Amino acid sequence: MRLLLDTHALLWWFAGDERLPEKVRSFIADRQNAVLVSAASIWEIATKHRLGKLEGVGELLADIDTYVRDQSFDWLDIAAVHALRAGLLPGAHRDPFDRMLIAQALCVEAVLVSNETLFDGFGVQRLWN
């Protein structure tokens, strides 16, 4: 299975946060699954950190490539086809990071690991509970 981590799922994974359900942790830890980290999530983390909305991620951002590589996760860059799909997604959801993750999950046929039930309305497969 191919999994795309939503930003909060990525942060909770690295922090060992118990808000990440055990079922989800087992899917992420299963080496049979390909786990993708979107460039959009790093952009979101960096932006929120810069704005003072996300503290305690400075060390993570300073060495994010090592953190991702050490977990055997794969990078998912933002391609033009992802940007086009995100821009054309229907609905009023305005968060550009969410729209990009939804578009990427649809484009690469990945299951989006997220607690955001709002994503269900976009036809994306979602893993949480």
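The model is predicted, so local features need pLDDT of at least 70 and side-chain atom pairs count only at pLDDT 80 or more, while totals for chains, interfaces and linings use all residues. Residues are numbered from 1 along each chain as its sequence is written, and side-chain values use heavy atoms, with hydrogens and water left out.

Helices (H or I, at least four residues) and strands (E, at least two) are DSSP runs, numbered from the N terminus. Two strands pair if DSSP finds at least two bridges between them. Strand β1 (residues 2–5) pairs with β2 in the parallel sense over four bridges, and Leu5 stands opposite Val37 in β2. Strand β2 also runs parallel to β3, to which three bridges join it. On this side Val37 stands opposite Trp75 in β3. In a regular strand the side chains alternate between the two faces of the sheet.

A residue is called buried under 20% relative accessible area, exposed over 50%, and partly exposed in between (1.4 Å probe, protein chains only). Strand β2 (residues 34–38) is mostly covered, as four of its five residues are buried.

The aromatic side chains come next. A pair of aromatic rings is described by the distance of the centres and the angle of the planes. Rings of Phe, Tyr and Trp (its six-membered ring) pair if their centres lie within 6.5 Å; planes under 30 degrees apart count as stacked, over 60 as edge-to-face and the rest as tilted. By this rule the count comes to five aromatic pairs. One of them is the tilted pair of Phe14 and Phe73, with 6.4 Å from centre to centre and 40° between the planes. Phe14 lies in helix α1 and Phe73 in the loop between α5 (64–70) and β3 (74–76), so this pair ties together parts that are 59 residues apart in sequence. Phe14 is partly exposed, with a relative accessible area of 23%, whereas Phe73 is buried, at 6%.

A further pair is formed by Trp43 and Phe97: the ring centres are 4.9 Å apart and the planes stand at 80°, so the pair is edge-to-face. This pair links distant parts of the chain, since Trp43 belongs to helix α3 (residues 39–50) and Phe97 to helix α7 (residues 96–108), 54 residues apart. Trp43 is partly exposed, with a relative accessible area of 45%, while Phe97 is buried, at 11%. Ring pairs also link Trp13, Phe14, Tyr67 and Phe73 into a cluster.

The pockets were found on a 1 Å grid over the protein atoms alone: a pocket is an open set of points where a 1.4 Å probe fits, with protein on both sides within 12 Å along at least five of seven lines, and lining residues have an atom within 4 Å of a point. Grid points are joined across faces, edges and corners, and a volume is the space filled by probe spheres set on the points. The largest pocket holds about 220 Å³ of space. Of its 13 lining residues, Leu11, Ala15, Gly56, Val57 and Leu60 lie nearest its centre. Helices α1 and α4 (58–62) each give two or more residues to this lining, and the largest share, five residues, comes from α1. For the make-up of a lining, Ala, Val, Leu, Ile, Met, Phe, Trp, Tyr, Cys and Pro count as nonpolar, Asp, Glu, Lys and Arg as charged, and the others, Gly among them, as polar. The lining of the largest pocket has eight nonpolar, two polar and three charged residues.

The second largest pocket has a volume of about 190 Å³. Its lining divides into two nonpolar, two polar and six charged residues, and includes Asp6, Glu44 and Lys48. Here α1 gives the most, with three residues.

Asp17, in the loop between α1 (7–15) and α2 (22–29), is buried, with a relative accessible area of 19%. Ser72 lies in the loop between α5 and β3 and has a phi near 65°, a positive value in a residue other than glycine. Ser72 is partly exposed, with a relative accessible area of 49%. Glu109, in the loop between α7 and β4 (111–113), has a positive phi near 55° and is exposed, with a relative accessible area of 70%.
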